[in-house]
Amino acid sequence: MERKMTPQELTGCFDEALEKGYILVYYQPQINHSTGRMVGAEALMRFKHPEFGIQYPNDFIPVFEENGLIVRADLNVFEQVCRFQKKCLQEGLSPVPISANMSRHDILESDYVDRLEEIRKKYDIPVDFLRIEITESSAIAGMDVMTNAIDKLHAYGYLVEMDDFGSGYSSLNVLKDLDIDMIKLDMRFLSGDVGGRGGTIISSVVQMSKWLETPVIAEGVETSSQADYMRSIGCNYIQGYLYSKPVPEAEFVEKLKILDHSPETPLTRFEDSSDAGRFWDPESIETLIFSNFVGPAAIFTYTNGHASIMRVNQKYAKEVCGGAKVSEILNTDPWDGMTDNGRAEYEDAIKRAIETGEETECDCWREIHSDCCGDDKICVRSNIRVIGKAGEQYLFYAMVRNVTAEKKRFDDYRQAERLFRAAFDQVDMYAWEYIFKTHEMHPCFRCMRELGLPPVIKNYPAPVFESGLFPMDYRDMYYEWLKDLEEGAESREGIIPLTVGRIPFHVRYTTEFDENGKPLKAYGSATLVTE
Ligand code: C2E
Ligand code: CA
Ligand code: CA
């Protein structure tokens with residue numbers, strides 16, 4: 001009767017299973033979604049009991065991990081993979097690289113990698129046809145343990161894949177610290193909102209430049225819309241039910257026969273590549289990851305004055321493109337809508353970023369059009385950084401922020417200040433503002449013109465006493481006023497003799513409060529006492 005076996009049954013028959021071949025390997029093809037070629041496969045363990053039928057890893061692997069048998073089971077799978085590759089080679093069926101899983105228990109076995117290598121040698125398989133997947137969760141064993149294993153695998157020539165990337169919170173850190181050749185990004189972990197996951201933008205961007213050289217396989221891809229999406233962001237390598245479930249060896253051989261799998265030039269790194277179409281494989285995946293936990297971001301290329309947007313995330317479309325479709329954004333010239341000045345500043349930031357290798361910043365006004373709100377002008381702050389280079393072409397990562405509101409507030413403020421200063425030219429009055437927070441005084445134009453005051457007086461009122469504009473004998477009173485006003489008094493006024501001529505002026509202060517009733521500034525004025 002076919003049924004799920006109990007842990008006792010699984011453990012009890014393990015030796016028999018190895019001996020009689022109950023442990024089987026299923027193969028799941030990895031496909032280049034753009035070309036339809038098979039680029040590799042993953043070996044997945046199955047346990048087929050003569051009486052209870054097929055058992056699945058999620059059921060029996062935890063049992064074997066618990067009792068330590070997983071190490072022998074994994075070595076057995078690896079040996080079966082080698083045997084299979086040998087058979088392919090002997091039968092003239094050109095093999096694809098096959099990845100075997102290395103569990104975190106295997107990693108703890110100090111001679112595990114040597115044992116893999118012994119098996120490989122026994123079957124005399126070129127190491128290029130074998131790859132090792134290690135999971136992020138192995139980091140639990142300690143980063144040094146993991147690093148050792150990876151170094152050893154590399155020393156023997158194996159490519160190492162990071163399995164289940166995106167499943168754990170430590171993804172970013174683990175990736176940064178480990179010398180991984182390929183990332184397996186599981187769609188099942190990425191669906192839904194992972195927006196809450198941490199990592200500051202800055203450190204992520206720094207890390208990203210490392211990631212750029214690491215190609216990605218998307219696994220768990222079930223629908224063509226998922227695959228198309230992955231392709232649209234530059235990830236072509238797909239493993240999942242969409243193309244094929246894991247299949248028994250015989251079925252896999254059939255696939256090998258019909259599916260083109262002649263080796264493609266894989267995994268071109270941007271640095272070495274002049275082929276603009278291909279460099280996307282490795283890095284664009286960051287857009288996917290990043291779109292889940294950073295703000296508006298774009299990736300663009302820059303070649304001798306010509307810029308082209310390659311990737312943007314949804315937040316970018318929403319915040320700086322008035323909600324335009326991503327595909328539309330990709331088809332527009334990034335300089336469109338920028339003022340000449342804005343463009344010059346942006347190019348300047350680009351050049352500085354190229355020269356220094358550092359992040360640079362610029363604010364730039366653009367015109368945007370949206371269906372709901374028509375045309376509008378927005379100011380976009382971009383922080384940009386070079387993340388790759390191919391010949392004359394530079395690849396940039398840009399984090400952007402709509403700072404229009406901030407800018408407008410500032411402009412409004414400047415405008416109000418101009419009005420304020422000009423208004424007092426029309427009446428017989430000197431006027432100024434005193435800002436509590438900064439202790440700055442901003443005089444009107446008349447003050448500036450007739451009293452020779454600068455546009456801003458810092459550390460007010462000390463300078464006006466030093467200059468003799470205000471008489472020293474009024475100093476204490478005047479300081480007292482300003483203190484009262486700063487503490488919430490609504491007004492102060494009195495007669496003060498000004499200038500060395502001690503001409504009596506009526507000096508008045510009125511406080512302005514913010515929306516919480518906190519004193520912001522005081523408007524000061526002085527009018528000549530006439531009678
Ligand atoms: P994994 O290494 O992440 O393997 C991928 C799993 O996702 C496989 O489950 C595969 O059948 C499944 N899968 C593939 N495409 C799709 C898809 O489109 N949709 C969905 N929902 N699932 C998909 P499987 O074979 O049941 O293996 C489960 C896990 O068991 C593996 O996850 C791996 O962690 C472990 N495992 C499998 N074989 C071995 C092995 O030989 N050694 C060790 N240590 N662990 C293994
Ligand atoms: Ca795996
Ligand atoms: Ca996986």
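Colleague: Which helices and strands each supply at least two residues of the lining of the largest pocket?
Modeller: This is a predicted model. The pocket has a volume of about 1,100 Å³. Of its 38 lining residues, Glu42, Leu44, Pro57, Asn58 and Asn101 are the closest to the centre. The elements asked for are strands E1, E2, E4, E5 and E6, and helices H3, H4 and H9.

Colleague: How many residues of the lining of the largest pocket are charged?
Modeller: The lining splits by class into 15 nonpolar and 10 polar residues. The charged ones number 13.

Colleague: Which residues lie nearest the centre of the largest cavity?
Modeller: The largest cavity holds about 140 Å³ of space. Its lining has 12 nonpolar residues, one polar and one charged. Nearest the centre are Phe300, Tyr316, Pro334, Tyr346 and Arg366.

Colleague: Which aspartate coordinates both the calcium ion (ligand 3) and the calcium ion (ligand 2)?
Modeller: Ligand 3 is coordinated by Asp163, Asp164 and Glu219, at 2.1 to 3.1 Å. The calcium ions, ligand 3 and ligand 2, are 3.9 Å apart. The residue that coordinates both is aspartate 163.

Colleague: How many residues apart in sequence are the parts that aspartate 163 and glutamate 219 tie together?
Modeller: The donors of ligand 3 follow the spacing D-D-x54-E. Aspartate 163 lies in strand E6 and glutamate 219 in strand E8, so the pair ties together parts separated in sequence by 56 residues.

Colleague: Is aspartate 163 buried or exposed?
Modeller: Buried means under 20% relative accessible area. Glutamate 219 falls in that class, and aspartate 163 too is buried.

Conventions. Residues numbered from 1 in each chain as written. Chains lettered and ligands numbered in written order. Predicted model: local features only at pLDDT ≥ 70, side-chain atom pairs only at ≥ 80, totals over all residues. Heavy atoms only, no water. Donors = N, O, S within 2.8 Å, 3.2 Å for Na, K, Ca; no water. Helix = DSSP H or I, 4+ residues; strand = E, 2+ residues; numbered from the N terminus. Buried < 20%, exposed > 50% of the residue type's maximum accessible area, 1.4 Å probe, protein only. 1 Å grid on protein atoms, 1.4 Å probe; cavity = no way out; pocket = protein on both sides within 12 Å on 5 of 7 lines; lining within 4 Å. Points joined across faces, edges and corners; volume = space filled by probe spheres on them. Nonpolar A, V, L, I, M, F, W, Y, C, P; charged D, E, K, R; others polar.
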